[in-house]
Every structure is written in structure tokens, then in C-alpha cells.
Amino acid sequence: VKDLAVMFGPGIVEAEGDRWRERRSAVTPALHGDFAASVAPMARSIARVQLESWARQSSPVETTPVASRYIVETLGAVLFGETFSDQDTELMNALATFGDVFPREASMVPNAPRAIPTPHNRQVRAAQEQLKTAVGDLLEGVSLSPTDDTNCVAASLLAARDLDAEALRAELRGLFVAGLVASKALSCAIYRIAEHESIQST
């Protein structure tokens, strides 16, 4: 876990003991059950748009990029209240770079010390910087004085004022990374469902 945490900073994923409890108490209110229920229609709407676009295609659909796109669209709306377009290449490039290095970071294969400029370590640093820049730019677009009805995680965390600027960015990067991991599972699920027409209507 600590090796993976280097990708997005000192967040709740790698925290332990009192620091973990402090981070958890700061982040949990922004992800409470009522909030999850309130964003579910938005996630369904994004999924419906994706499905309609697939139906219009005459060629086979590659599940991995469309699953990643769905996750990014949904996380953008949930985390930042932001609707992405096909021109939002900075974030997509950041996540694509991270997707390239994540499997090795998550594997048991030992990596060279970070100070050694191996091709993998250079990719890791590129992924770090791209993700930091993309999340920082998105956070700048979130109101610093959010109202009670602001419906995104970043605004809720800003309103609570329990995290400093770097901690806030680290938690948001961590949530994006978690979404990227989820997109792999979603891609596999879409592919398996497509193989079995009999369950597609259930």
C-alpha cells in the first residue's frame, strides 16, 4: 500500500493509527449514505449516454477505454461537479499514464529505488505530476465558499475545512486512482455480459 501511495500522496490509503482516524473522520462526511444516494441518478444518466453511444456504433466496442471513460465522467461529476468533454485530454492522459505504471506498482516485482532514473521510475514521476496538475486544476474550479446544496465531494471537503490543501488534493487523487482500478473490473464485467446475451436483459 505504501508503494502505491507514492502515486497520489500521503492520503488515507497509507495512513495508520491516529493519523488514519483523523483522515477518516475528515473524509467520511463527504461520502455519507445520503450523498451516495443523491449522486446515483447522475451516474445512471452518464451510463445511459454511454450505452446510447455504443448502440449507434456499427463496429465492435473496446470495453477498456469506454469503461475508463465512464469512470472518469462519473468521478468528475461526483468529486468536482465537472462534466468532461472529449477535449479534456490532460486528465485522460494523466490517468492513461497512471494505468501504464499501476500494474507494476501493484505487482510483487521489485522496483529500483525511486532515485534511480529507470524507464519505470520516469513513468511514475510523469504520472505523479500529470495527476497532481489535473486534480489541482479541477479543484480550482470548485467554489471556495460552497453552499449547503453543492453536490460534489470536493466542495464538501472544502466546506468542512478539516484538511489542508495538500491533504485535500491527496485524498481526491486517491479517489481518482480507486476509480481507475474499478474501471478494470467494470471493463471485464461488460465483456463477460456481452458474451452472454441471455443475461443482458436481467
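This is a predicted model: local features need pLDDT of at least 70, side-chain atom pairs count only at pLDDT 80 or more; totals for chains, interfaces and linings use all residues.
The overall plan can be read from the helices. The protein has 8 helices and 0 strands, so that its pattern along the sequence is written α-α-α-α-α-α-α-α. Of its 202 residues, 38% are buried. The accessible surface comes to about 11800 Å², and carbon and sulfur atoms account for 56% of that area. Among the contacts with a separation of 6 or more, 64% are made by residues 24 or more positions apart.

What lies inside? The largest nonpolar core holds 32 residues, and the members that touch the most others are Phe80, Leu139, Val142, Val153 and Leu172. Two or more residues of this core come from each of helix H2 (17-27), helix H3 (33-55), helix H4 (63-80), helix H6 (119-140), helix H7 (153-160) and helix H8 (165-195). The largest share, 7 residues, is given by H4.

Beyond its neighbours within four places in sequence, phenylalanine 80 is in contact with Leu75, Val135, Leu138, Leu139, Val142, Cys152, Ala154, Leu172 and Phe176. The chain also brings phenylalanine 80 and alanine 155 to 7.3 Å, C-alpha to C-alpha, although 75 residues separate them in sequence. Leucine 172 tells a related story from its own side: with neighbours within four places again left out, its contacts are Leu79, Phe80, Val135, Leu139, Val153, Ala154 and Leu157.

How do H4 and H8 pack? Their axes are 8 Å apart and meet at an angle of about 145°, in a right-handed crossing. On the H4 side, the residues making this contact include Thr63, Ala67, Ile71, Leu75, Leu79 and Phe80. On the H8 side, they include Leu172, Leu175, Phe176, Gly179, Leu180 and Ile190.

Valine 39 and valine 78 lie 39 residues apart in sequence, while their C-alpha atoms are 6.7 Å apart in space.

Is glutamate 171 buried or exposed? Glutamate 171, placed in helix H8, has a relative accessible area of 6% and is therefore buried, since this value is under 20%. Its side chain makes a polar contact of 2.5 Å with the side chain of arginine 23.

Aspartate 164 is found in the loop between H7 and H8. With a relative accessible area of 52%, aspartate 164 is exposed, because that value is over 50%. Where does its side chain reach? The side chain of aspartate 164 comes to 2.7 Å from the backbone nitrogen of alanine 167.

Methods
Residues are numbered from 1 along each chain as its sequence is written. Side-chain values use heavy atoms; hydrogens and water are left out. A nonpolar core is a set of buried Ala, Val, Leu, Ile, Met, Phe, Trp, Tyr and Cys residues joined through side-chain atoms within 4.5 Å. Buried means under 20% relative accessible area, exposed over 50%, partly exposed in between (1.4 Å probe, protein chains only). Helices (H or I, at least four residues) and strands (E, at least two) are DSSP runs, numbered from the N terminus. Contact means heavy atoms within 4.5 Å. Accessible areas come from the Shrake-Rupley method with a 1.4 Å probe; for residues, only the protein chains shown count as cover. A polar contact is a pair of N or O atoms within 3.5 Å; within protein, one must be able to donate a hydrogen and the other to accept it, and residues adjacent in sequence count only if both atoms are side-chain atoms. Axes are lines fitted to C-alpha atoms, for helices over the stretch in contact, and angles run from 0 to 180 degrees between N-to-C directions. A crossing is left-handed if the near helix is turned anticlockwise from the far one by less than a right angle, and right-handed if clockwise.
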